[in-house]
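Here is a short briefing for computational work. Look over the sequence and the coordinates, then read the points below, which are grouped by topic.

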Amino acid sequence: MILHTNTMTTLNLVLRKETLRNYIRANPNCTYREIRRDTKIKTERIYKSMRDAYKDADVEFSESLLKRSKNQ
């Protein structure tokens, strides 16, 4: 069976999204660096933000993952 490049790219994207969803569900307090280290996937290439990735995985985005100001 011969697949076109676009089909393979779409399939690859779907598989990477599923991998990220499963990883976030298993590790709800994981950081961007942990995701990249353990899955070898850069979140920003698939989602617009980490918040979008957590929303897609149906996991609440925790306070500890928010950017902190110098005052905190």
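Buried residues make up 26% of the 72 residues in the protein. The model is predicted. Its accessible surface comes to about 6,000 Å², and carbon and sulfur atoms hold 50% of that area.

**Fold**

- The protein has 3 helices and 0 strands.
- Along the sequence the pattern reads α-α-α.
- Among contacts with a separation of 6 or more, 46% join residues 24 or more positions apart.

**Nonpolar core**

- The largest nonpolar core holds 15 residues.
- L20, I24, C30, I35 and Y54 touch the most other members of this core.
- Helices α1 (5-26) and α3 (50-56) are the elements that each give two or more residues to it.
- In soluble globular proteins, nonpolar side chains tend to be buried together.
- L20 touches I35, T39, I41, T43, I46 and Y47, leaving out residues up to four places away in sequence.
- Y54 has a relative accessible area of 0%, so this residue is buried.

**Aromatic pair**

- The count of aromatic pairs is 1.
- The ring centres of Y54 and F61 lie 5.2 Å apart.
- Their planes meet at 85 degrees, so the pair is edge-to-face. The cut-off for that class is over 60 degrees.
- A pair of aromatic rings is described by the distance of the centres and the angle of the planes.

**Salt bridges**

- The count of salt bridges is 3.
- E18, R21 and D56 are linked in a network of salt bridges.
- E18 and R21 meet through their side chains at 2.5 Å, N to O. They sit 3 residues apart in helix α1, so about one helical turn separates them.
- D56 and R21 also form a salt bridge, at 2.7 Å, N to O.
- Which member of the network is buried? R21 is, at 18% relative accessibility, because buried means under 20%.
- E18 is partly exposed, with a relative accessible area of 35%. D56 is partly exposed too, at 28%.
- D38 and R37 form a salt bridge, with the closest N and O atoms 3.1 Å apart.
- D38 counts as partly exposed at 41% relative accessibility. R37 is exposed, with a relative accessible area of 53%.

**T39 in helix α2**

- T39 is placed in helix α2, which spans residues 32-39.
- Is T39 buried or exposed? At 17% relative accessibility, T39 counts as buried. The cut-off is under 20%.
- A polar atom of the T39 side chain lies 2.5 Å from the backbone oxygen of I35. I35 is also one of the core residues that touch the most other members.
- Which residues does T39 contact, leaving aside neighbours within four places in sequence? They are T19, L20 and Y23.

**L13 in helix α1**

- L13 is placed in helix α1.
- Its relative accessible area is 33%, so L13 is partly exposed.
- L13 and R45 are 32 residues apart along the chain. Their C-alpha atoms are separated by 9.5 Å.

How values were computed: Residues are numbered from 1 along each chain as its sequence is written. This is a predicted model: local features need pLDDT of at least 70, side-chain atom pairs count only at pLDDT 80 or more; totals for chains, interfaces and linings use all residues. Side-chain values use heavy atoms; hydrogens and water are left out. Helices (H or I, at least four residues) and strands (E, at least two) are DSSP runs, numbered from the N terminus. Buried means under 20% relative accessible area, exposed over 50%, partly exposed in between (1.4 Å probe, protein chains only). A polar contact is a pair of N or O atoms within 3.5 Å; within protein, one must be able to donate a hydrogen and the other to accept it, and residues adjacent in sequence count only if both atoms are side-chain atoms. Contact means heavy atoms within 4.5 Å. A nonpolar core is a set of buried Ala, Val, Leu, Ile, Met, Phe, Trp, Tyr and Cys residues joined through side-chain atoms within 4.5 Å. Accessible areas come from the Shrake-Rupley method with a 1.4 Å probe; for residues, only the protein chains shown count as cover. Rings of Phe, Tyr and Trp (its six-membered ring) pair if their centres lie within 6.5 Å; planes under 30 degrees apart count as stacked, over 60 as edge-to-face and the rest as tilted. A salt bridge is a side-chain nitrogen of Lys or Arg within 4 Å of a carboxyl oxygen of Asp or Glu.
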